[in-house]
Amino acid sequence: MKTRVFHLMAGTLSIFFSAAILIISLSSCQKVEKADDLIRVGIYDTRVIALVYYRSEAHMEYINQLKKERNEAEKAGDEEKVALLERKGPGLQELAHKQGFSTLPIPGLLEKIHDSLPSIAKRLNLDVIMNKWEIAYQAEEVKLVDVTKEMIGFFNPSEETYRIVDQMAEVDPVPLVEIFREDVETWCPEYR
């Protein structure tokens, strides 16, 4: 009787382990079969997009328009508008530096090419396009595709700008906490 129970239990365990091994094998096969079903995420380097935009003709036209508005305000005697426009220039320069050298988000620049993003996504079969500096975790089922060069193409960069872009890939961004060190130390003196 004990032998029969032992054989019955051994047979049941054998079936259980065989089933478990089969399930594990099938699930690993499914992963291989579903390689084409990876989630494809387009990523971009905010620094590169900032650099290219701030070196673009579109940005130069914007700066020239601001200068023209300032001159017109000065001629009209509108001191308030002159003061506002004179503050705007250095503010834009500071923003350009923070976006170009660190990982400060670029929502205003993305707006300028927003309508072009679906065509990039479709052409490269992407599910999502996002800032590469915002990825905190990536599962194995996610494939990252760098779309930075596709995105900057809409700003018509010069050959010189493309050379600078290639060099930027070799340089790590300045940490945001360093870019905002003065502010951080003001808010949080113990940070030093």
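Is Tyr53 buried or exposed? At 5% relative accessibility, Tyr53 counts as buried, a class that takes in residues under 20% relative accessible area, whereas exposed residues are over 50% and partly exposed ones lie in between (1.4 Å probe, protein chains only).

The model is a predicted one, in which local features need pLDDT of at least 70, side-chain atom pairs count only at pLDDT 80 or more, and totals for chains, interfaces and linings use all residues. Residues are numbered from 1 along each chain as its sequence is written, and side-chain values use heavy atoms, with hydrogens and water left out. The mean pLDDT of the protein (the predictor's confidence in each residue, from 0 to 100) is 82, and 76% of the residues reach 70 or more. Over residues 1-26, pLDDT stays under 50, and the model has 0 contacts beyond four places in sequence for this stretch, a contact being heavy atoms within 4.5 Å. For residues 28-33, pLDDT likewise stays under 50, again with 0 contacts beyond four places in sequence.

Tyr53 belongs to helix 2, in which Thr46, Arg47, Val48, Ile49, Ala50, Leu51, Val52, Tyr53 and Tyr54 are buried. Helices (H or I, at least four residues) and strands (E, at least two) are DSSP runs, numbered from the N terminus. Because 9 of the 9 residues of helix 2 are buried, this helix is largely enclosed by the rest of the structure.

The largest nonpolar core has 24 residues, among which Tyr44, Ile49, Ile106, Leu109, Val147 and Met151 touch the most other members. Such a core is a set of buried Ala, Val, Leu, Ile, Met, Phe, Trp, Tyr and Cys residues joined through side-chain atoms within 4.5 Å. At least two residues of this core come from each of helix 2 (46-54), helix 5 (107-113), helix 6 (117-123), helix 7 (148-152) and helix 8 (159-168). The most is given by helix 2, with 7 residues. In soluble globular proteins, nonpolar side chains tend to be buried together. Neighbours within four places in sequence aside, Met151 is in contact with Tyr44, Ile49, Leu110, Ile113, Leu117, Ile120 and Ile129.

The structure holds 2 aromatic pairs. Rings of Phe, Tyr and Trp (its six-membered ring) pair if their centres lie within 6.5 Å; planes under 30 degrees apart count as stacked, over 60 as edge-to-face and the rest as tilted. Tyr53 and Tyr54 form an edge-to-face pair, at 5.3 Å centre to centre and with 70° between the planes. Tyr54 is buried, with a relative accessible area of 15%. Tyr53 also forms an edge-to-face pair with Phe155, at 5.4 Å centre to centre and with 65° between the planes. Tyr53 lies in helix 2 and Phe155 in the loop between helix 7 and helix 8, so this pair ties together parts that are 102 residues apart in sequence. Both Tyr53 and Phe155 are buried.

Two asparagines have a positive phi. Asn156, in the loop between helix 7 and helix 8, has a phi of about 50° although it is not a glycine. Asn156 is exposed, with a relative accessible area of 66%. Asn125, in the loop between helix 6 and strand 2 (128-131), has a positive phi near 55°. Asn125 is exposed as well, with a relative accessible area of 51%.
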